[in-house]
Amino acid sequence: MAKLYLRISIIMYLSSAVLFLQAFALTDPSDVAVLQDLYMSLKQPPQLVGWNLSGGDPCEEAWKGISCSGSSVIIIKLNGLELTGSLGGNLSDLLQLKQLDFSHNYIEGEVPMSLPPNATHIDLSCNNFKNTNLSLESMKYLEHLNLSHNSISGPLGNTFTGFPNLKQMDLSHNKFTGNLPSTFESLTNLKSLFLQNNEFNGSVSVLVPLALHELDFRTNRFNARPGDLSLLPQPQMTDSEIAEFNYMFDLKERERRFKGRHSICPVLPIPRSEYERMWPEGMKFANAKEAIQFEMDRARAREIDAARARDIDAARARSRTGRSQGPSGNGFVCRR
(Lines give C-alpha, C1' and ligand atoms only; values in the text may rest on other atoms or scores of the structure.)
Protein backbone atom coordinates (compact mmCIF):
# COMPACT_ATOMS: atom_id res chain seq x y z
CA MET A 1 0.00 0.00 0.00
CA ALA A 2 2.84 2.35 0.88
CA LYS A 3 4.54 1.61 -2.43
CA LEU A 4 1.34 2.32 -4.35
CA TYR A 5 0.91 5.62 -2.50
CA LEU A 6 4.54 6.55 -3.28
CA ARG A 7 4.07 5.69 -6.94
CA ILE A 8 0.93 7.80 -7.20
CA SER A 9 2.69 10.72 -5.45
CA ILE A 10 5.61 10.56 -7.90
CA ILE A 11 3.26 10.53 -10.90
CA MET A 12 1.32 13.50 -9.56
CA TYR A 13 4.55 15.40 -8.87
CA LEU A 14 5.88 14.80 -12.37
CA SER A 15 2.56 15.78 -13.94
CA SER A 16 2.53 19.00 -11.92
CA ALA A 17 6.10 19.76 -12.97
CA VAL A 18 5.23 19.30 -16.64
CA LEU A 19 2.19 21.55 -16.33
CA PHE A 20 4.28 24.16 -14.54
CA LEU A 21 6.91 24.18 -17.29
CA GLN A 22 4.26 24.42 -19.98
CA ALA A 23 2.61 27.35 -18.23
CA PHE A 24 5.63 29.38 -17.17
CA ALA A 25 8.72 28.29 -19.08
CA LEU A 26 8.11 26.67 -22.43
CA THR A 27 7.24 29.05 -25.25
CA ASP A 28 4.00 28.38 -27.11
CA PRO A 29 4.96 26.08 -30.01
CA SER A 30 3.09 28.25 -32.53
CA ASP A 31 5.12 31.30 -31.42
CA VAL A 32 8.34 29.29 -31.77
CA ALA A 33 7.36 28.31 -35.32
CA VAL A 34 6.74 31.96 -36.27
CA LEU A 35 10.10 33.07 -34.88
CA GLN A 36 11.92 30.28 -36.70
CA ASP A 37 10.23 31.26 -39.97
CA LEU A 38 11.21 34.87 -39.30
CA TYR A 39 14.79 33.82 -38.56
CA MET A 40 14.99 32.08 -41.92
CA SER A 41 13.42 35.05 -43.74
CA LEU A 42 16.02 37.34 -42.17
CA LYS A 43 18.77 35.05 -43.53
CA GLN A 44 19.80 33.64 -40.12
CA PRO A 45 21.88 36.64 -39.06
CA PRO A 46 24.51 36.14 -36.34
CA GLN A 47 23.22 39.27 -34.58
CA LEU A 48 20.20 37.27 -33.40
CA VAL A 49 21.97 35.57 -30.53
CA GLY A 50 20.23 32.44 -29.28
CA TRP A 51 17.95 32.06 -32.30
CA ASN A 52 17.95 28.75 -34.17
CA LEU A 53 15.90 26.78 -36.65
CA SER A 54 15.62 23.54 -34.69
CA GLY A 55 13.87 23.51 -31.35
CA GLY A 56 14.81 26.00 -28.69
CA ASP A 57 12.75 28.00 -26.23
CA PRO A 58 12.73 31.76 -27.01
CA CYS A 59 11.24 32.74 -23.65
CA GLU A 60 13.29 30.43 -21.45
CA GLU A 61 16.54 30.92 -23.37
CA ALA A 62 16.14 34.70 -23.79
CA TRP A 63 16.53 34.92 -27.55
CA LYS A 64 17.87 38.29 -28.67
CA GLY A 65 15.12 40.95 -28.76
CA ILE A 66 12.36 38.66 -27.47
CA SER A 67 10.30 39.34 -24.35
CA CYS A 68 7.58 37.05 -23.05
CA SER A 69 4.73 36.86 -20.62
CA GLY A 70 4.23 33.30 -19.50
CA SER A 71 4.51 31.15 -22.62
CA SER A 72 3.60 33.93 -25.07
CA VAL A 73 5.90 36.26 -27.02
CA ILE A 74 4.71 39.82 -26.36
CA ILE A 75 7.60 41.99 -27.63
CA ILE A 76 9.95 41.72 -30.61
CA LYS A 77 12.49 44.54 -30.50
CA LEU A 78 15.19 44.14 -33.16
CA ASN A 79 15.94 47.73 -34.13
CA GLY A 80 19.32 48.92 -35.37
CA LEU A 81 20.90 45.50 -35.92
CA GLU A 82 21.70 45.85 -39.65
CA LEU A 83 19.26 43.05 -40.46
CA THR A 84 18.52 42.14 -44.09
CA GLY A 85 16.08 39.78 -45.76
CA SER A 86 12.32 40.03 -45.29
CA LEU A 87 9.70 39.58 -42.58
CA GLY A 88 8.14 36.40 -43.90
CA GLY A 89 4.40 35.87 -43.84
CA ASN A 90 3.50 34.42 -40.45
CA LEU A 91 3.73 37.37 -38.04
CA SER A 92 -0.05 37.45 -37.75
CA ASP A 93 0.13 34.15 -35.85
CA LEU A 94 1.72 35.96 -32.87
CA LEU A 95 -1.63 36.50 -31.19
CA GLN A 96 -0.29 37.93 -27.91
CA LEU A 97 2.36 40.23 -29.40
CA LYS A 98 2.04 43.86 -28.26
CA GLN A 99 5.16 45.57 -29.65
CA LEU A 100 6.95 44.96 -32.95
CA ASP A 101 10.07 47.04 -33.72
CA PHE A 102 12.29 46.38 -36.76
CA SER A 103 13.29 50.03 -37.28
CA HIS A 104 16.69 51.14 -38.57
CA ASN A 105 17.64 48.01 -40.50
CA TYR A 106 17.91 47.03 -44.17
CA ILE A 107 14.90 44.74 -44.43
CA GLU A 108 13.37 44.50 -47.91
CA GLY A 109 10.30 43.05 -49.54
CA GLU A 110 6.81 44.14 -48.60
CA VAL A 111 5.19 45.12 -45.34
CA PRO A 112 3.00 42.06 -44.68
CA MET A 113 -0.73 42.56 -45.10
CA SER A 114 -1.33 40.58 -41.92
CA LEU A 115 0.56 41.82 -38.88
CA PRO A 116 0.09 40.72 -35.25
CA PRO A 117 -3.63 41.44 -34.78
CA ASN A 118 -3.43 42.53 -31.14
CA ALA A 119 -0.31 44.70 -31.36
CA THR A 120 -0.37 48.23 -29.92
CA HIS A 121 2.97 49.51 -31.30
CA ILE A 122 4.48 48.73 -34.72
CA ASP A 123 7.65 50.43 -35.96
CA LEU A 124 9.07 49.42 -39.36
CA SER A 125 10.70 52.77 -40.13
CA CYS A 126 14.08 53.24 -41.80
CA ASN A 127 14.18 50.07 -43.87
CA ASN A 128 13.87 49.23 -47.57
CA PHE A 129 10.25 48.07 -47.81
CA LYS A 130 8.90 48.53 -51.33
CA ASN A 131 5.20 47.76 -51.38
CA THR A 132 3.46 49.02 -54.49
CA ASN A 133 0.06 48.96 -52.79
CA LEU A 134 0.04 49.01 -49.01
CA SER A 135 -2.80 47.01 -47.52
CA LEU A 136 -3.23 46.26 -43.83
CA GLU A 137 -5.83 44.15 -42.11
CA SER A 138 -7.62 45.70 -39.14
CA MET A 139 -5.81 45.93 -35.81
CA LYS A 140 -8.27 47.20 -33.26
CA TYR A 141 -5.71 47.71 -30.49
CA LEU A 142 -3.02 49.45 -32.56
CA GLU A 143 -2.04 52.85 -31.14
CA HIS A 144 1.25 53.70 -32.86
CA LEU A 145 2.20 52.89 -36.47
CA ASN A 146 5.49 54.06 -38.03
CA LEU A 147 6.25 53.12 -41.65
CA SER A 148 8.36 56.20 -42.41
CA HIS A 149 11.59 56.34 -44.40
CA ASN A 150 10.99 53.39 -46.70
CA SER A 151 10.23 53.14 -50.43
CA ILE A 152 6.54 52.25 -50.19
CA SER A 153 4.73 53.53 -53.28
CA GLY A 154 1.30 53.66 -54.87
CA PRO A 155 -2.01 54.78 -53.41
CA LEU A 156 -3.16 53.98 -49.89
CA GLY A 157 -6.63 52.93 -50.95
CA ASN A 158 -9.07 52.27 -48.12
CA THR A 159 -6.38 50.70 -45.98
CA PHE A 160 -7.18 52.22 -42.62
CA THR A 161 -10.45 50.60 -41.64
CA GLY A 162 -10.64 48.86 -38.29
CA PHE A 163 -8.07 51.02 -36.46
CA PRO A 164 -10.27 52.66 -33.78
CA ASN A 165 -7.46 53.24 -31.25
CA LEU A 166 -4.76 54.56 -33.58
CA LYS A 167 -3.21 57.67 -32.00
CA GLN A 168 -0.02 58.27 -33.97
CA MET A 169 0.78 57.42 -37.59
CA ASP A 170 3.92 58.26 -39.54
CA LEU A 171 3.92 57.53 -43.29
CA SER A 172 6.47 60.22 -44.15
CA HIS A 173 9.45 59.91 -46.50
CA ASN A 174 7.99 57.28 -48.82
CA LYS A 175 6.61 57.38 -52.37
CA PHE A 176 2.88 57.26 -51.73
CA THR A 177 0.68 58.68 -54.48
CA GLY A 178 -2.99 59.47 -55.02
CA ASN A 179 -5.61 60.97 -52.74
CA LEU A 180 -5.80 60.57 -49.01
CA PRO A 181 -8.27 57.73 -48.39
CA SER A 182 -11.73 58.54 -47.09
CA THR A 183 -11.10 56.01 -44.30
CA PHE A 184 -8.87 58.60 -42.61
CA GLU A 185 -12.12 60.13 -41.35
CA SER A 186 -12.70 57.04 -39.21
CA LEU A 187 -9.44 57.55 -37.28
CA THR A 188 -11.23 59.52 -34.59
CA ASN A 189 -8.55 59.00 -31.93
CA LEU A 190 -5.65 60.05 -34.15
CA LYS A 191 -3.61 62.89 -32.61
CA SER A 192 -0.38 62.84 -34.65
CA LEU A 193 -0.18 62.40 -38.43
CA PHE A 194 2.99 62.72 -40.52
CA LEU A 195 2.64 62.56 -44.32
CA GLN A 196 5.51 64.77 -45.47
CA ASN A 197 7.83 63.93 -48.35
CA ASN A 198 5.50 61.78 -50.44
CA GLU A 199 3.61 62.35 -53.69
CA PHE A 200 0.05 62.57 -52.38
CA ASN A 201 -2.33 64.78 -54.35
CA GLY A 202 -5.93 65.92 -54.25
CA SER A 203 -7.72 67.43 -51.28
CA VAL A 204 -6.89 67.43 -47.58
CA SER A 205 -10.57 67.70 -46.63
CA VAL A 206 -10.62 64.16 -45.18
CA LEU A 207 -8.57 65.55 -42.29
CA VAL A 208 -11.39 67.88 -41.23
CA PRO A 209 -13.01 65.54 -38.66
CA LEU A 210 -9.70 64.77 -36.95
CA ALA A 211 -8.70 66.58 -33.73
CA LEU A 212 -5.01 66.51 -34.57
CA HIS A 213 -2.36 67.99 -32.32
CA GLU A 214 0.50 67.23 -34.70
CA LEU A 215 0.26 67.39 -38.50
CA ASP A 216 2.84 67.58 -41.26
CA PHE A 217 1.90 67.14 -44.93
CA ARG A 218 4.53 69.23 -46.68
CA THR A 219 6.42 68.28 -49.83
CA ASN A 220 3.48 66.59 -51.54
CA ARG A 221 1.23 67.57 -54.46
CA PHE A 222 -1.96 68.49 -52.67
CA ASN A 223 -4.28 70.91 -54.43
CA ALA A 224 -4.85 72.90 -51.25
CA ARG A 225 -3.35 76.39 -51.19
CA PRO A 226 -2.32 78.17 -47.98
CA GLY A 227 -5.63 80.05 -48.15
CA ASP A 228 -7.52 76.76 -48.09
CA LEU A 229 -6.40 75.96 -44.55
CA SER A 230 -9.86 76.70 -43.18
CA LEU A 231 -10.51 73.10 -44.22
CA LEU A 232 -8.12 71.79 -41.62
CA PRO A 233 -9.00 70.88 -38.06
CA GLN A 234 -8.40 73.44 -35.34
CA PRO A 235 -7.90 71.37 -32.20
CA GLN A 236 -8.67 72.99 -28.89
CA MET A 237 -5.29 73.15 -27.20
CA THR A 238 -4.05 74.59 -23.95
CA ASP A 239 -1.26 77.17 -23.90
CA SER A 240 1.29 74.49 -23.05
CA GLU A 241 0.07 72.28 -25.91
CA ILE A 242 0.29 75.21 -28.33
CA ALA A 243 3.85 75.89 -27.19
CA GLU A 244 4.75 72.25 -27.69
CA PHE A 245 3.11 72.25 -31.13
CA ASN A 246 5.15 75.30 -32.12
CA TYR A 247 8.26 73.58 -30.83
CA MET A 248 7.89 70.34 -32.77
CA PHE A 249 6.21 71.47 -35.95
CA ASP A 250 9.02 72.78 -38.12
CA LEU A 251 10.92 69.52 -38.56
CA LYS A 252 12.34 70.45 -41.94
CA GLU A 253 13.73 73.75 -40.68
CA ARG A 254 15.26 71.92 -37.74
CA GLU A 255 16.96 69.47 -40.11
CA ARG A 256 18.19 72.26 -42.39
CA ARG A 257 19.67 74.31 -39.57
CA PHE A 258 21.47 71.58 -37.70
CA LYS A 259 22.26 69.02 -40.40
CA GLY A 260 22.76 71.27 -43.41
CA ARG A 261 22.67 68.62 -46.11
CA HIS A 262 21.13 65.45 -44.71
CA SER A 263 17.73 64.47 -43.38
CA ILE A 264 18.51 62.17 -40.47
CA CYS A 265 16.13 59.47 -39.28
CA PRO A 266 14.98 60.15 -36.67
CA VAL A 267 15.29 63.90 -36.30
CA LEU A 268 17.39 64.49 -33.23
CA PRO A 269 15.95 66.70 -30.47
CA ILE A 270 17.51 70.10 -29.90
CA PRO A 271 17.22 72.55 -27.00
CA ARG A 272 14.03 74.60 -27.01
CA SER A 273 16.08 77.80 -26.72
CA GLU A 274 17.88 76.96 -29.98
CA TYR A 275 14.65 76.01 -31.73
CA GLU A 276 12.80 79.18 -30.73
CA ARG A 277 15.46 81.30 -32.41
CA MET A 278 14.31 79.85 -35.73
CA TRP A 279 11.00 81.71 -35.55
CA PRO A 280 10.79 85.44 -36.27
CA GLU A 281 11.04 87.48 -33.09
CA GLY A 282 7.73 87.67 -31.27
CA MET A 283 6.04 85.04 -33.49
CA LYS A 284 3.26 83.23 -31.60
CA PHE A 285 0.51 80.94 -32.85
CA ALA A 286 -2.96 80.66 -31.39
CA ASN A 287 -3.73 77.27 -32.90
CA ALA A 288 -2.51 74.58 -35.25
CA LYS A 289 -3.99 76.20 -38.34
CA GLU A 290 -1.99 79.41 -37.87
CA ALA A 291 1.23 77.42 -37.40
CA ILE A 292 0.56 75.41 -40.54
CA GLN A 293 -0.34 78.51 -42.57
CA PHE A 294 2.88 80.23 -41.53
CA GLU A 295 4.97 77.17 -42.27
CA MET A 296 3.40 76.60 -45.69
CA ASP A 297 4.01 80.22 -46.66
CA ARG A 298 7.60 79.99 -45.50
CA ALA A 299 8.13 76.61 -47.17
CA ARG A 300 6.78 78.00 -50.45
CA ALA A 301 9.16 80.96 -50.24
CA ARG A 302 12.06 78.60 -49.59
CA GLU A 303 11.07 76.45 -52.57
CA ILE A 304 10.95 79.50 -54.84
CA ASP A 305 14.38 80.61 -53.65
CA ALA A 306 15.77 77.10 -54.10
CA ALA A 307 14.31 76.85 -57.64
CA ARG A 308 15.90 80.16 -58.59
CA ALA A 309 19.23 79.03 -57.18
CA ARG A 310 19.02 75.78 -59.15
CA ASP A 311 18.25 77.68 -62.35
CA ILE A 312 21.25 79.93 -61.80
CA ASP A 313 23.52 76.98 -61.06
CA ALA A 314 22.26 75.10 -64.13
CA ALA A 315 22.82 78.12 -66.36
CA ARG A 316 26.36 78.50 -65.06
CA ALA A 317 27.01 74.80 -65.58
CA ARG A 318 25.75 74.96 -69.18
CA SER A 319 27.95 77.93 -69.89
CA ARG A 320 30.97 76.01 -68.59
CA THR A 321 30.36 72.56 -70.02
CA GLY A 322 27.85 73.08 -72.80
CA ARG A 323 25.50 70.58 -71.26
CA SER A 324 23.13 70.62 -68.32
CA GLN A 325 23.81 68.60 -65.22
CA GLY A 326 21.44 65.87 -64.05
CA PRO A 327 19.55 66.17 -60.80
CA SER A 328 21.25 64.96 -57.65
CA GLY A 329 19.69 62.79 -54.95
CA ASN A 330 18.11 64.24 -51.87
CA GLY A 331 21.00 63.16 -49.65
CA PHE A 332 18.68 61.35 -47.25
CA VAL A 333 20.22 58.80 -44.94
CA CYS A 334 18.67 56.80 -42.13
CA ARG A 335 20.70 56.41 -38.99
CA ARG A 336 21.07 52.71 -38.32
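These legends go with a handful of close-up views of one predicted model. Local features need pLDDT of at least 70 and side-chain atom pairs count only at pLDDT 80 or more, while totals for chains, interfaces and linings use all residues. Numbering starts from 1 along each chain as its sequence is written, and side-chain values use heavy atoms, with hydrogens and water left out.

**View 1. An open sheet of 4 strands, in the order β6-β8-β10-β12.**
The pairing is parallel. Strands here are DSSP runs of E with at least two residues, helices are runs of H or I with at least four, and both are numbered from the N terminus. Two strands pair if DSSP finds at least two bridges between them. The edges belong to β6 (153-154) and β12 (221-222), and each has a single partner strand, so one side of each is left without a neighbour in the sheet.

**View 2. Zooming in on strand β10 and its partners.**
β8 (residues 175-178) pairs with β10 (residues 199-202) in the parallel sense over 2 bridges. Look for Thr177 opposite Glu199, and for Gly178 with Phe200 as its bridge partner. On to β12: β10 pairs with this strand over 2 bridges, again in the parallel sense, and Asn201 stands opposite Arg221. In a regular strand the side chains alternate between the two faces of the sheet. In β10, Phe200 and Gly202 make up the covered face, and Glu199 and Asn201 the uncovered one.

**View 3. Phe176 and Phe200, a stacked pair.**
There are 7 aromatic pairs in the structure (rings of Phe, Tyr and Trp, using the six-membered ring of Trp, with centres within 6.5 Å; planes under 30 degrees apart are stacked, over 60 edge-to-face, and the rest tilted). In this one the ring centres are 5.7 Å apart and the planes sit at 10 degrees, so the pair counts as stacked. Phe176 lies in β8 and Phe200 in β10, so the pair ties together parts that are 24 residues apart in sequence. Phe176 is buried at 0% relative accessibility, and Phe200 is buried at 0% too; buried means under 20% relative accessible area, exposed over 50%, and partly exposed in between, using a 1.4 Å probe and protein chains only.

**View 4. Helix α2, residues 29-41.**
From first C-alpha to last, this 13-residue helix reaches 18 Å, close to the 18 Å expected at 1.5 Å a residue; the expected span is 1.5 Å times one less than the number of residues. Its buried residues are Asp31, Val32, Val34, Leu35, Gln36, Leu38, Tyr39 and Ser41. The cover over them includes α3 (58-61), β1 (66-69) and β2 (72-77), where contact means heavy atoms within 4.5 Å. After the helix comes Lys43, with a positive phi near 70 degrees.

**View 5. The Cys59 to Cys68 disulfide.**
A search of the whole structure turns up 1 disulfide (a pair of cysteine sulfur atoms within 2.5 Å). Its S to S distance is 2.0 Å. The torsion about the S-S bond of Cys59 and Cys68 is about -85 degrees, so the disulfide is left-handed. Cys59 counts as buried at 19% relative accessibility, whereas Cys68, at 27%, is partly exposed.

**View 6. Inside the largest nonpolar core, with its 57 residues.**
Such a core is a set of buried Ala, Val, Leu, Ile, Met, Phe, Trp, Tyr and Cys residues joined through side-chain atoms within 4.5 Å. Ile76, Phe102, Phe160, Met169 and Phe184 touch the most other members. The elements giving two or more residues to this core are α2 and β2, and the largest share, 4 residues, comes from α2. Not counting residues up to four places away in sequence, Met169 touches Leu145, Phe160, Phe184, Leu187, Leu190, Ser192, Leu193 and Phe194.

**View 7. Leu83, in the loop between β2 and β3 (99-101).**
Leu83 is buried, with a relative accessible area of 0%. Leaving aside residues up to four places away in sequence, Leu83 touches Leu42, Pro45, Gln47, Leu48, Leu78, Phe102, Asn105, Tyr106 and Ile107. Take Tyr106: Leu83 and Tyr106 are 23 residues apart in sequence and 5.6 Å apart in space, C-alpha to C-alpha.
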